[in-house]
Amino acid sequence: MLSEIETAVMSVLRSGRYLHGPATKSFEESLSRQCGAKQVVGVSNGLDALRLIFRAYIENGKLKEGDEIIYPANTYIASILPLSEFGLTGVGVEPSETDYNIDFQALKRAVTSKTKGVLLVHLYGNPCWDLPTARFLKENDILIIEDNAQAIGACAQSEGFNGRKETGGLGDAAAFSFYPTKNIGALGDAGAVATSDSSLAETIRALANYGSDRRYHNIYKGYNCRIDEIQAAALDVKLRHIDEITHRRQSIAETYNNEITNPLIIKPALLTDRRQVWHQYVIRTKNRDALRKFLADKGIETDIHYATPPHLQPCYLSEHKQHFPLTEQLANEIISLPIAGISKENVSQIANIINQYEQ
Ligand SMILES: *Cc1c(COP(=O)(O)O)cnc(C)c1O
């Protein structure tokens, strides 16, 4: 795959065309085929993809300041930064303990007459979708926006609005991130918006290019959120290999799940009715820091996704002062085990060492 990427990148270099070129077009078409959304706009990064979606819904009159957007309290802060940026009222909802994604029963209870959108985050590569809830939201004219930064290639247990199951094509609009450590990673920053709403896509294309609908004609006060041709070319290659990239992670997750047997550890659920793509393999244990130290002493590097939930970050503390007990408990108990670029033998060794942990 590396030599294919080299060839693709060199070809952009030699072409001398670094923006708005054929690589971007080809990448957008590939991603559209992959996720099933009719339109894809390549952009600068995942956060900008989310910002563009919310801003475009505001420009198109579908959202306005003060509207309530339901979001999962248990997520990465980038998911919700656009809500406060655009004066939307975020309504946090606790996760389900099965997949750590938003709890759909709690989501339904949080809907009010002011609810105009729901942000679904496919955290850790776990598809977050419930067709009856989605239908209920649609009937009530509530937009469904997906944060698909961690779940490219995942499939839900039931179809989305497009009749397909791939995350990123389930709801009304979706944001993708191609940050280098994501399942499909660029050679730097990159992102995309996917939607089957052509008027939304058109607004986003303009917003991402200074707000211009044609050259030197600005209908919005826009941004510069374009994707580089080099990134698009590299991503187009990786998209052709998405199945093998995903299988690698699935096979590591399966090995961890089969071989970790320590009763002190809660393993992530293997959900056979859907396709998980294992952006992270996240275990839980009561005395998390002790296990982390035990593993670090044996040379095993772990990480926490995420130690501080958005509502407890200094930048949100003053305005919210909210309490999400389950989200906070998860943040204190989770550990992400190594999953990227590690061999099957190493996975077995790590599982074996975890089984020796006694607290
Ligand atoms: C990575 C990530 C983002 C942000 O994507 P960037 O490309 O880093 O801006 C947003 N949401 C989630 C859930 C992420 O994991």
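Reply: Leu13 lies in helix H1; helices (H or I, at least four residues) and strands (E, at least two) are DSSP runs, numbered from the N terminus. The model is predicted, with local features needing pLDDT of at least 70 and side-chain atom pairs pLDDT 80 or more, while totals for chains, interfaces and linings use all residues. Residues are numbered from 1 along each chain as its sequence is written, and side-chain values use heavy atoms, leaving out hydrogens and water.

Leu13 counts as partly exposed at 42% relative accessibility, where buried means under 20% relative accessible area, exposed over 50%, and partly exposed in between (1.4 Å probe, protein chains only). Together with Met10, Tyr18 and Leu19, Leu13 forms a nonpolar patch on the surface, with about 330 Å² of accessible area in total. Such patches consist of residues with over 30% relative accessible area and no salt bridge, with nonpolar side chains (Val, Leu, Ile, Met, Phe, Trp, Tyr) joined within 5 Å and like charges within 9 Å. A salt bridge is a side-chain nitrogen of Lys or Arg within 4 Å of a carboxyl oxygen of Asp or Glu. Accessible areas come from the Shrake-Rupley method with a 1.4 Å probe, and for residues only the protein chains shown count as cover.

His20 is placed in the loop between helix H1 (2-15) and helix H2 (22-35). Its phi is near 55°, a positive value in a residue other than glycine. Most residues other than glycine have a negative phi. His20 is partly exposed, its relative accessible area being 48%.
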